[in-house]
Amino acid sequence: MLRSTGDRVVIVGGGIAGALLAKTLQNHADVVLIDPKEYFEIPWANLRAKVDPAAVERTVIPHSDYLTHAKVVTAFAVGVDDSVVLTSIGRAVAYDFLVIATGRTCNRPQKQSERLEMFQHDKERIDGARSVLIVGGGPIGVELAAEIVMKSPEKRVTLVHGAPRLLKVMGARASAKALEWLRSKNVTVLLDQTVDLASATPDTREFTTSAGETVEADAHFVCTGRPVASGWLRGTLLGEHVDEEGHIRVDDHLRVGGLRNVFAVGDITDVPEAKQGHLAQRQAMVVSRNLRLLVKGATREEKLHRYKPSPRTSMTVTLGHRDALAELPFMTLIGHIPGAVKPRDHFITRTRRMMGIKSKPYGTMPHVM
């Protein structure tokens, strides 16, 4: 058992919020990060990494690169009580303060080298395909379709979405502009249709939609939403604070159920705002400041920082290297102008700098693992 030290902060989940929190706290507390992966990856650069080898190694970062004064337990959390987190490797980790940052469920390999191989495999699938099927018309599906057609306009791309319009997280005007842009690039968009992929394999080449349409594709990618990763909390003392959608109820300080020493950050919280990476980072910084106060012995409630949910005033969806769709408070823009505002490298350099990692120049070819 990894015993507590009086200022032990255990962070469960090494995504963009958990990783940043661990990094900012490691010199102020005894930090333990529990994560089933040996790395974290920059989520908003994930799609670019599927088609651009120069982006891959810069987006998948070993925890050891930025955690110089923290411990990492490579395992899943499988249970928790009022002082200990239980892990899938049978190790119990005691805590004085706990942060849940498990985000959404995902199937990622443990090792960085294996994750890089996955990106390489996806790139080879896309490069070798004359036609690609994308299932899901949210930001991920739209951005992936755009990345493919902007890099390889000769490919036939079909996007199937189970709702009457794309990008439900944005307004109707933005959805219409995205649809028009995709169709102008010869992407076939099928709305209000789904595809049953239960029996699909990597070798499947023919797919049937719920409307009976047949789609032929050499490769397919599923870009639908993933459930919140809170199932492991059911039946624990924190289970009563999980709502029907799987989110953890938090207060203004991002504490779970008002418990003084348990916090949650990122997609797993019920904070009423868009589930976006930069907002998860904002939450992590608020919890970081609060934990530093508590570790120092702060007892007065009014000293703790409050998190103010971000209103949905603007959102940007990247459309390949040059274009973007930007929804602003008073207008919606698409094309080169909003594309010029968003950095060419998808904020990879800025994120690496935030994590204290020396950045490789954009365009540097990665070492093939």
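Reader: What comes after H6, and what is its phi?
Author: Asn-186 follows H6. Its phi is positive, near 70 degrees. Keep in mind that this is a predicted model.

Reader: Is Asn-186 a glycine or not a glycine?
Author: Asn-186 is not a glycine, although its phi is positive, about 70 degrees.

Reader: Where does Asn-186 sit?
Author: Asn-186 is in the loop between H6 and E12.

Reader: Buried or exposed?
Author: Asn-186 counts as exposed because its relative accessibility is 63%, and exposed means over 50%.

Reader: Which residue other than glycine has a positive phi near 55 degrees?
Author: That is Asp-192. Asp-192 lies in the loop between E12 and strand E13 (206-208).

Reader: And is Asp-192 buried or exposed?
Author: Asp-192 is exposed, at a relative accessible area of 51%.

Reader: Back to H6. How many residues does H6 have?
Author: H6 runs over residues 172-184, so it has 13 residues. From first C-alpha to last it reaches 18 Å. That is close to the 18 Å expected at 1.5 Å a residue.

Reader: Which residues of H6 are buried?
Author: In H6, Ala-174, Ser-175, Ala-178, Leu-179, Trp-181 and Leu-182 are buried. They sit on the same side of H6, because they cover an arc of only 165 degrees around the axis.

Reader: Which residues are exposed on the other side of H6?
Author: Ala-172, Arg-173 and Glu-180 are exposed there.

Reader: What do the buried residues of H6 pack against?
Author: They pack against helix H5 (139-151) and several strands. Among those strands are E11 (156-160), E12 (188-190) and E17 (315-319). Strands E18 (323-327) and E19 (332-335) are also partners of the buried residues of H6.

Reader: New topic: H1. How many of its residues are buried?
Author: In H1 (residues 16-25), 9 of the 10 residues are buried. Helix H1 is mostly covered. The buried residues include Ile-16, Gly-18, Leu-20, Thr-24 and Leu-25.

Reader: What packs against the buried residues of H1?
Author: Strands E1 (8-12), E2 (30-35), E3 (39-41) and E9 (97-100) do. Helices H7 (277-295) and H9 (348-354) do as well.

Reader: What about His-241, where is that?
Author: His-241 is in the loop between strand E15 (219-222) and strand E16 (262-264).

Reader: Buried or exposed?
Author: His-241 is buried because its relative accessible area is 15%, and buried means under 20%.

Reader: What is His-241 in contact with?
Author: Leaving aside neighbours within four places in sequence, His-241 is in contact with His-247, Ile-248, Arg-249, Val-256 and Gly-257.

Reader: Zooming out, which domains does the assignment give?
Author: The domain assignment gives domain 1 (8-36 + 75-106 + 226-303) and domain 2 (112-225 + 314-355). Their centres, taken over C-alpha atoms, are separated by 31 Å.

Reader: How many residues are in contact between domain 1 and domain 2?
Author: 8 residues of domain 1 are in contact with 6 residues of domain 2. The area buried between domain 1 and domain 2 is about 600 Å². Carbon and sulfur atoms give 63% of that area.

Reader: What does the UniProt annotation cover?
Author: The UniProt annotation, from an unreviewed entry, is "domain: FAD/NAD(P)-binding" and covers residues 8-283. Over residues 8-283 the chain is 26% helix and 22% strand. The end C-alpha atoms of that stretch are 20 Å apart.

How values were computed:
Residues are numbered from 1 along each chain as its sequence is written. This is a predicted model: local features need pLDDT of at least 70, side-chain atom pairs count only at pLDDT 80 or more; totals for chains, interfaces and linings use all residues. Side-chain values use heavy atoms; hydrogens and water are left out. Buried means under 20% relative accessible area, exposed over 50%, partly exposed in between (1.4 Å probe, protein chains only). Helices (H or I, at least four residues) and strands (E, at least two) are DSSP runs, numbered from the N terminus. Contact means heavy atoms within 4.5 Å. The expected span of a helix is 1.5 Å times one less than its number of residues. The arc is that of the directions from the helix axis to the C-beta atoms. UniProt positions are given in the numbering used here, feature names are shortened, and annotations may be inferred rather than shown by experiment. Domain bounds come from an automatic or database domain assignment. Buried area is the accessible area (1.4 Å probe) that two parts lose on being put together, summed over both.
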